[in-house]
Amino acid sequence: MVAAEKLVLYAIAIITGVIIIGIFFVPESGALEKVKAASLKAKEFLPKIGAEELKAGAVEIPAEHWQQIRKLKEAIETMKAGDGGCFLNYGGFPPLGEKGTSIVLEHDASKDATIISVYGGAGGTQLSTELSLSIIGIVPCVIAGSEDLVKGFEQTYLNPASSQERSTAAYFNPVTRVKIAFDTGGWDENRIDYGAGLQDFEGQAWLFTPDNRHICFFPTVDGASSAQGLNDDDLLTTIPQLLQENKIKLCQT
């Protein structure tokens with residue numbers, strides 16, 4: 001931020017100098033308007049300081065973070081091209097706290113696309129234009145939001161008595177925005193916010209799609225499954241076991 005503030009001061013000084021020179025040394029008609037236009041044009045290139053995003057220069061994102069961001073994108077593309085009703089483990093993220101990296105997935109209904117934005121740098125507020133991207137035809141979702149929904153997912157995929165007895169209840173929750181970030185508020189771990197504040201995210205490595213369009217994340221809870229998500233221990237042991245037994249599907253292209 002110090003470097004950015006210096007840049008702002010230097011730019012202001014240059015613009016001020018241009019205006020002064022224009023006033024005193026450019027007497028021809030229309031010169032002042034030209035100077036004014038030039039100063040306004042120069043102002044467009046100033047970085048925005050404060051609550052707004054700082055976009056001047058490349059944003060530093062640790063290599064292990066952007067590697068997993070790319071793996072997340074690849075996983076989503078694989079799930080989009082598959083046959084639905086399947087799971088995929090993309091590895092999750094290492095702790096995002098060191099550089100304040102955060103990942104935001106936001107659905108734009110007007111474009112039928114999900115925009116993945118990556119933030120980092122000072123205060124974790126700088127947008128990385130290099131890593132941000134858009135995926136057409138994808139909607140983020142979570143296996144959370146109501147107790148009936150979470151139980152429906154368990155009955156459909158994790159605890160079915162047989163394939164004929166799988167639940168027909170709703171079992172996933174489409175959302176407009178998902179944020180993955182490091183929670184320093186006494187947790188010191190990656191957590192997920194889908195509109196209810198940051199919460200447990202032990203299932204961060206796993207993704208699920210019911211239909212190749214909705215890409216679901218797994219908020220988790222300690223103890224019995226609830227409206228907030230699946231029991232973390234059950235999730236992390238049951239999915240690999242069921243995949244090994246061919247009772248649920250791995251997403252493949």
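**Cores, rings and strand pairing in the predicted model**

Phe-87, Phe-153, Tyr-157, Tyr-171, Phe-172, Phe-208 and Phe-218 come together as one aromatic cluster. Rings of Phe, Tyr and Trp (its six-membered ring) are taken to pair if their centres lie within 6.5 Å, with planes under 30 degrees apart called stacked, over 60 edge-to-face and the rest tilted. The model is a predicted one, so local features need pLDDT of at least 70 and side-chain atom pairs count only at pLDDT 80 or more, while totals for chains, interfaces and linings use all residues. Residues are numbered from 1 along each chain as its sequence is written, and side-chain values use heavy atoms, with hydrogens and water left out.

By the ring rule there are 13 aromatic pairs. One of them, Phe-87 with Phe-153, is edge-to-face, at 6.1 Å centre to centre and 70° between the planes. Phe-87 belongs to strand β1 and Phe-153 to helix α4 (residues 147-158), so this pair ties together parts 66 residues apart in sequence. Helices (H or I, at least four residues) and strands (E, at least two) are DSSP runs, numbered from the N terminus. Phe-87 and Phe-153 are both buried, where buried is under 20% relative accessible area, exposed is over 50% and partly exposed is in between (1.4 Å probe, protein chains only). Another ring, that of Trp-187, has the charged end of Arg-191 sitting over it, 3.9 Å from the ring centre; the rule here asks for NZ of Lys or CZ of Arg within 6 Å of the centre and within 35 degrees of the ring normal.

Now for the nonpolar cores, meaning sets of buried Ala, Val, Leu, Ile, Met, Phe, Trp, Tyr and Cys residues joined through side-chain atoms within 4.5 Å. The largest has 31 residues, and Ile-76, Phe-93, Val-142, Val-178, Leu-207 and Phe-217 touch the most other members. At least two residues each come from α3 (63-81), β1 (86-89), β2 (102-108), β3 (113-120), β8 (177-183) and β11 (214-217), with α3 giving the most, five residues. Beyond its neighbours within four places in sequence, Phe-217 has contacts (heavy atoms within 4.5 Å) that include Leu-72, Leu-105, Val-142, Ile-180 and Leu-207. A second, separate core of 19 residues includes Tyr-157, Leu-158, Leu-230 and Ile-239.

As for the strands, two of them pair if DSSP finds at least two bridges between them. Lys-179 in β8 is the bridge partner of Val-104, and Asp-193 in β9 is in turn the bridge partner of Lys-179. β8 and β9 make a hairpin with five residues between them, where Gly-186 in the turn has a positive phi of about 90°. Asp-188, in the loop between β8 and β9, also has a positive phi, about 55°, although it is not a glycine; Asp-188 is exposed, at 53% relative accessible area.

Gln-199 lies in the loop between β9 and β10 (206-209) and is buried, with a relative accessible area of 10%. A polar atom of the Gln-199 side chain is 2.8 Å from the backbone oxygen of Gln-228. Thr-238, in helix α5 (residues 232-244), is buried at 18%, and a polar atom of its side chain lies 2.7 Å from the backbone oxygen of Asp-234.

Terms used: Polar contact = N/O pair within 3.5 Å; in protein donor to acceptor, adjacent residues only side chain to side chain.
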